[in-house]
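User: I am new to this structure and would like to understand the terms used to describe it. Please set each value against its definition.

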Amino acid sequence: MPFPNSPSPSSNPSVSSSIPSSIPLVLIRDVDGDLGMDDLRKNANLIRASVEEIEDDYWATTNYVNSQAFRVAAGGTKTDNIKNLRQIHAFILKTASFPLPPPTLELISSSRNLGYLCFILKHLENQDLGLDICNDIVRSLNGNSLRAVVLFREMLVNGFRPDNYTVPYVLKACSKSQALREGVQVQAYAVKTGLVLSNVYVKNTLIRLYSVCGSVSYARKVFEESSLRDVVSWTTLIQCYVKNGFAREAILTFFEMCDAKMKADEMTAVIVLSACSKLGDLKLGRKLHDYILDNRVPSDVYVGNALVDMYLKCGDANSARKIFDEMPVRNVVSWNSLISGLANQGEFKDAMDMFRKMQSIGVEPDDFTLVGVLNSCANLGLLELGKWVHAYIDRKQIEADRFIGNALVDMYAKCGAIDQAFKVFRGMKCRDVYSYTAIIIGLAMHGEAKRALSIFSDMPRRGIKPDEVTFIGVLTACSHAGLVVEGKRYFKDMSCVYNLRPQTEHYGCMVDLFGRAGLIEEAQELIENMPMEPDAYIWGALLGACRIHGCVELGEDVMKKLLKVEPERDGAYVLMSNIYSSANKWRDAVKLRKEMKGKNIKKTPGCSSIELDGVVYEFRKGGKSHPRSKEIYKLLEEIMSHIKNFNNLAQ
């Protein structure tokens, strides 16, 4: 019933007569004086309720009207406050029928509050309004799956019928929290009410739920249940395959989409290109690029980034550079794709050039940029530039943990600054298996086996399980230090303790360990009992052991096996030639060199590098590519002349 017309609650007795006797009198005041009921009626739709849960109960504190300082105060104890809330609710239901205000955070802060809110909304005369408010609440929960599902349940209990607006938001909340069990219950309702078959939005959010939870087969099943599909349906399924490691199935689904005369959009293009990147199929990638051009798919910055990434991961750096240069708009991800891609392709100098160009135009690098740059510094030996990046990280107060910390450790270790690498490792607050692996391999490279094994022993105490790469570092440390007993124990622990299956690289480390220690027979026995076929790494390690210990006949047999695996590489010829020379078998050594020449196999020239003022200069045997090579060779001749003169004087 409407509010009675009366000048003020204090002067008109009809107001008190309209209030049920069970409701205590509450103070209704304005800052400037008493409010009339006409004013109350005009401002009723502006009331805002602030409700909070205290010790699993509700109590009302204040009720505000935004346009005026209107207050309904509920005093007394907690029990009285609870009663007041219920009584005010009863008064509203009996005296007026105005829309409830949007729910506050306090009101939806608990499951019990949601249930009570649904109970209130159930008694609205306009049930559609109650459903709209429930839908607004679902949206405001911002992906909280528990509360979204609780509200969904309370809506059903209180007689509401969740619609094609409610269900997708609840499913999205379940996806965000990977709450598959609850999502399946919501699906049951959607199937029962026909929403899955009749509403493509509901269907798409359900496919996404199964995708996020890793249930690929169920996602496909939902997709195929009806012919009701749009481009989002296809894109969601393709993304499901890509994110769960089925890149080829994603491409096949894209072909199905094309056969169904469905045109891809930018989102589809980005996802399909990422699938192609994972496959490393350049031919397929070029076809996808042609499809984008032929079908005039809008090429925004995201599509451009995906194309750059795809071409680099498929080994076509030139096309990637061309796409990058033609992009009208670039963001930091564009630069990261190019820099990291070039680094992963081994084009470390080009990666550094792009980083310098990025700096020159004022693009701020992010964490991913810095990781790519540090990776390039590590492989080029750019210690000074690596230090500059470290200083930049400190200056920008970027936390050197996880990816950046690991990249710093790797960079310092590969640039020869193992103490600095260890210092960074110790300063990391959050370390993972990659952090430990980087420092263990770094210490092993520098011959500090004891420190490497000590850090390895610390991993179980920290609750960090080593992986296969960690054990390569551990076995390498044992090999360089001649720790045969320890190496055999760690190799056994891989499968017995850590449930890791030794790979070819681990067997290669063990062959190298036995070979360096002179245990040639044990190395041969290990190779014979390998569960996989020996590769070039294995035979190369054994041939290296033959060179160390002068095993000519065994070396000849091993060389033949190595040439079967790598017939066009120079390594076997060079090692065997050195074995012949060490055994004074000069004719055999010369014969082997002639055989190399006849097969047009050239020895890879030796290479050395030096860093000066942040620039790395690389020198190869007999190389004349340096712009000052004439001066360098002239100085080298002078040095050799001084050495000869010194030797003559000494004699």
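**Terms and the values behind them**

User: Why is T268 called buried?

Analyst: T268 has a relative accessible area of 1%. Buried means under 20% relative accessible area, exposed means over 50%, and partly exposed lies in between (1.4 Å probe, protein chains only). T268 is therefore buried. This is a predicted model, in which local features need pLDDT of at least 70 and side-chain atom pairs count only at pLDDT 80 or more, while totals for chains, interfaces and linings use all residues. Residues are numbered from 1 along each chain as its sequence is written, and side-chain values use heavy atoms, with hydrogens and water left out.

User: What does T268 touch, and in which helix does T268 lie?

Analyst: T268 belongs to helix α14, residues 266-279; helices are DSSP runs (H or I, at least four residues), numbered from the N terminus. Not counting residues up to four places away in sequence, T268 touches V231, T235, I238, F254 and M257, where contact means heavy atoms within 4.5 Å.

User: Is T369 buried or exposed?

Analyst: The relative accessible area of T369 is 1%, so T369 is buried. T369 is found in helix α20 (residues 367-380). Leaving aside neighbours within four places in sequence, T369 is in contact with V332, N336, I339, F355 and M358. The C-alpha atoms of T369 and I339 are separated by 7.2 Å, although these residues are 30 residues apart along the chain.

User: What makes E505 partly exposed?

Analyst: E505 has a relative accessible area of 40%, and therefore counts as partly exposed. E505 is in helix α28 (residues 504-516) and touches I472 and Y537, not counting residues up to four places away in sequence.

User: Why is α16 called roughly parallel to α18?

Analyst: Helix α16 (residues 301-313) and helix α18 (residues 332-344) pack at an angle of about 0°, with their axes 9 Å apart. Angles under 35 degrees count as roughly parallel, over 145 as roughly antiparallel, 65 to 115 as roughly perpendicular and the rest as oblique. That makes α16 roughly parallel to α18. Among the residues making the contact are V301 and L312 of α16 and V333 and L342 of α18.

Definitions and conventions: Helix = DSSP H or I, 4+ residues; strand = E, 2+ residues; numbered from the N terminus. Axes fitted to C-alpha atoms, helices over the stretch in contact; angles between N-to-C directions.
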